[in-house]
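Hi everyone, thanks for coming. I'd like to walk you through two spots in a structure, so please have a look at the screen.

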Amino acid sequence: MNRSQAKLTQGIDWPIVGLYLALVIIGIMSIFAAEYRGDDNVWMDIIHPGKNYSRQLIWFSASLVLASVIWLTDSKLFTATANLLYVGGLLLLLLVLGIGKDVKGSHSWLMVGSFQFQPAELTKLCTNLALAKYISSQETDFTKLRSRLIAAAIALVPAGIIILQSETGLALVYFSFFLVMYREGLPGVLLVIAFSGIVLVLSALLVDRTILFIIFTVITALVIYFSRREIKRKRSRLAIILGVYAFCGLFVMFIVPFAFTKVLKDYQVRRIEVMLGKENDPKATYNTRQSMIAIGSGGFWGKGYLKGTQTRYDFVPEQSTDFIFCTIGEDFGFFGSVIFLGIYVALLFRIIFVAERQRSTFTRVYAYGVAGVIFFHLSINVAMTIGLAPVIGIPLPLVSYGGSSLMTFTMLIFILLRLDADRQMVLR
Amino acid sequence: MSVFNQPRKRVIQMIILGMVILIITRLFFLQIVEKKYAKLADANAVLRKVVYPSRGIIYDRQNRSILGNDVLYDLVVTPASAKNIDTAYLCNILNIDKEEFRKRILTAIVKNGRVRQSVFAPLLAPEIFGKLQESMYLFQPGFELVPRQIRSYPYSAAANILGYIAEISPAMLKDTGVYSSYSSGDYLGFTGLEKTYEPVLMGQRGIQYLVKDNLNRPQGAYENGEFDSAAVAGKNLRLSLDIELQVLGEKLLKGKSGSIVAIDPQTGGILAMVSGPSFDPNLLTGSNRSANFSKLYTDTTKPLFNRAIQATYPPGSTFKPMIALVGLDEGVITPSFGYPCSGAYYGCTRPIKCEHHDPGHAANLRLALSHSCNSYFSHVYRLSVDAAKFGGIKVGGMQKWADYMNNFGFGHKIGVDIPSEGRGLVPDTKYYDARYKGSWNSCTSVFLGIGQGELLLTPLQMANAMCIVANRGSYYIPHFVSSIDNDNTHLLDKYKVKHDVAHISDTAYSAVIHGMTDVVESGTGRIAQIEGITIGGKTGTAENYGFVNGVRTKLKNHAIFIAFAPAEHARIALAVIVENSGFGAKYAAPIASLMIEKYLKDTISTKRQPLLKSVMETVTLDASMLAKSHLDSLNNNAVIKKKKP
């Protein structure tokens, strides 16, 4: 590797850089639109230090500096320090538990001078690196159950601490690492089980328990009836079927109600119930309803940039952070929203393409991790603004206002670019 | 390897595409198929109306409403639509000039922008509202009248307990933690019960969407109210307070500065809490709120200062029962212990005078208490703190004594459910070490034995100590709210816990209680007697000092009386303080006695009406202070204003 003689940008994956810049710029423009008032002087306001978009501009500049620094480092640094960063990240999370600051009910912020900083964002990066390091190490045989459990633990320990900080939304993001593990050989049946789990939870919440019990019993009876020949051949089949039946029953009757009354916070339960249309709580429905009005009023072509009335007059809460998609939906309509989502899909597919061309497992695992995290954020965030998911406070990657989030995603992507540029090397 | 995993890559891509297609489908329905969202956003078609919830009502122990809601109107403006109207006429009705009109419109634009409503004139006085309502059609659609609830106090009493509400300040709105659910223009409790119970009283605002016709008149619910959220009324509070007792207390303290605190020892529920002189809480509602507030704030009699929980006094002789309890519990005296007082205590360098000379007036604890012998309690105090088993006063004696006092609820906030409670002061070893640089002994603090010296208590603490004596060692944290309707909070949990303190023997309490009933039977507090009720009490006349023209001067004594009744099974315990008046027996005891009679017998007997009248007419406030005070005229105005509509 003799970079000093070669071109400085040699090996950089320009499509990803382009998509990255496009999203950040759309983000800043949307934050501007969310804060813009008709009477404001636009040019005066661009340099207004008290507004979110000018702060986001500063964060963007800082991100570019950070990106350049990452580009200039050696790839081996990331493999070498992955575990160290992971442990450091965990310590930081524990530190927040102790001396963190409460912001809107979540105890996940650190004050550094006058800056607020959310370590739960940063640890996504640490976790991704550590996971890549573990799976790619020569001692790891990912077909073994033990290795899979260790990998799951690496992903879920930070999530556990983050739940203690009352940032359930960010904790859920860590489940996106299972997508990576699936790619690396976790049996596909787990995806099916996870999906059935979601269906079970939803049905437990939506359908009356007695009816559900009858449905389960009928299904089990039918399954036994149709597989009676196999059961005759192999008695253990019956045990398995009855076991699944018993588990589903227990799950729906006891585990879900227990989680809802004891584990989840009141407001979280309410949000989920609102999303399912079960409860009509004014405060919980308000955000979703206003955001749906804003997006729905966009129509096909949208109202035009800076012309949205709902987002501009503060009807939508949190509109430069978690509900930033409202601005896009209202100003640019269905047409703009589809193009916007298209940019994300292009970025995700490009990252997967880059992942598949690697020689080293480390980079491939890392790349899938980046894709998984972005995908999870994107789907939960957008689904939330259109009433498909409960209100979970996680930002739209690269677009939402927030320094911790923008910096973290910048680092995630530029470390990937750095690793990809060195794809001829075998990194462990 | 890469080839082997190809299908997995495809599966992941499919998951991503599937999710995005799901989102796009939803967007398609939301943005293109469904038209009602677009219409909701159209301010010309659908009117978005905020519905304010009614604030919780407060009831007294007999379920009489003592704090309710009235409706006044705000004039609100939407600057963008406020064009082509008769500005001069509007200004005329509102009594403002054109300059002021322009300024308010500008403020509204700065605050909320052109298309949103802002308050133009808040809480219109009834006569302005009447005029405006007749000609409102001239100013629509830019201007509108919006009903607004204000608080009303039918009994014109309990101002300092109930507190007041006011509009949220910009500084509070910026605080996203505590006040995140409030919007500009919201009202919230600033003091008293309104503040402590804000979360349950406030309720939740709702939103209504109404279809408008081409003249901007609302024509009914949009989409059958599918998008509306109903306002949720605040929860009602039920107090242990007896409003009639409270009103009587406020009358009794008229023309005096002082306080009355009456507590039910069985529950800790406060029956009355008076801070005199008091003001009519209706002064702090409606359109004159801020003007009245500044008048009350600057008044020489300090009516906004809740003396019952914020003021601290030396308890004087009313402290002697506590001294006796400590002495008995430490075993330094027994109930039969006597002291040969001959008119003064000579144990320390400076003699402490006693009111009695006759030998035998302090022959035992009962006699000493009923005669309030200074020598006796100075001596008992010194015996307690110098007791050998604690290694003397500096090693453990003083601290042990201070610990007893802290157990009795002195020297720290007790935790009543209204804000700004005072701590008082109980001096301990650290205090004297700091103050006298290590060179002090029991003579330095001997005045504590007669409730003077550094010791300072709030009236609430004194009344709570009476609960402890009456209950023989236990109390509930004094509180006003006995229940909240449909309560799902834990606000009241701490008031349901019985606190056992100091663990002093029953015989010690019996001795002290006998002494205190003797005080009213045959001692210094005979004036407090009520037919058929045994009262335990103690008089006190507390010396106090203040700064007059910068010089520390001895002021007229505070009259203090503490009591509980009936002595066998107390249902009321109270402390009465009349500042700078004179003897406790003369000024405070009659007030306490009348309060007890009213609460236990429901009326004041005809025989005692003259006493009631004379107490109400007694004025102890300084004449020069009264001359500068506007409180009476303010209170009278409030009453007149209320009777008119």
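Let's begin with one pair of residues: B:G258 stands opposite B:G276, which belongs to β12(B). Before we go on, please keep in mind that this is a predicted model.

Strand β11 of chain B, residues 258–263, runs antiparallel to β12(B), and 6 bridges join them.

Now let's zoom out to the sheet. It is an open one with 5 strands, in the order β12-β11-β20-β19-β18 of chain B, and the pairing is antiparallel. So which strands stand at the edges? They are β12 (270–276) and β18 (536–548) of chain B; each has a single partner strand, so one side of each is left without a neighbour in the sheet. On average, neighbouring strands here are turned by 10 degrees against each other, ignoring direction.

There is also a helix packing on this sheet: α11 of chain B, residues 243–252, touches β11 and β12 of chain B. The direction of α11 makes about 25 degrees with that of β12(B).

Is B:I393 buried or exposed? It is buried, because 24 other C-beta atoms lie within 10 Å, and the cut-off for buried is 20 or more.

Who is around it? Leaving aside neighbours within four places in sequence, B:I393 is in contact with B:V385, B:D386, B:M398, B:N441 and B:S442. And B:W440, 47 residues apart from B:I393 in sequence, is 9.3 Å apart from it in space, C-alpha to C-alpha.

Notes:
Residues are numbered from 1 along each chain as its sequence is written. Chains are lettered from A and ligands numbered from 1 in the order in which they are written. This is a predicted model: local features need pLDDT of at least 70, side-chain atom pairs count only at pLDDT 80 or more; totals for chains, interfaces and linings use all residues. Two strands pair if DSSP finds at least two bridges between them. Helices (H or I, at least four residues) and strands (E, at least two) are DSSP runs, numbered from the N terminus. Axes are lines fitted to C-alpha atoms, for helices over the stretch in contact, and angles run from 0 to 180 degrees between N-to-C directions. Two residues are in contact if their C-beta atoms, placed from the backbone, lie within 7 Å. A residue is buried if 20 or more other C-beta atoms lie within 10 Å of its own, exposed if 12 or fewer, and partly exposed in between; C-beta atoms are placed from the backbone.
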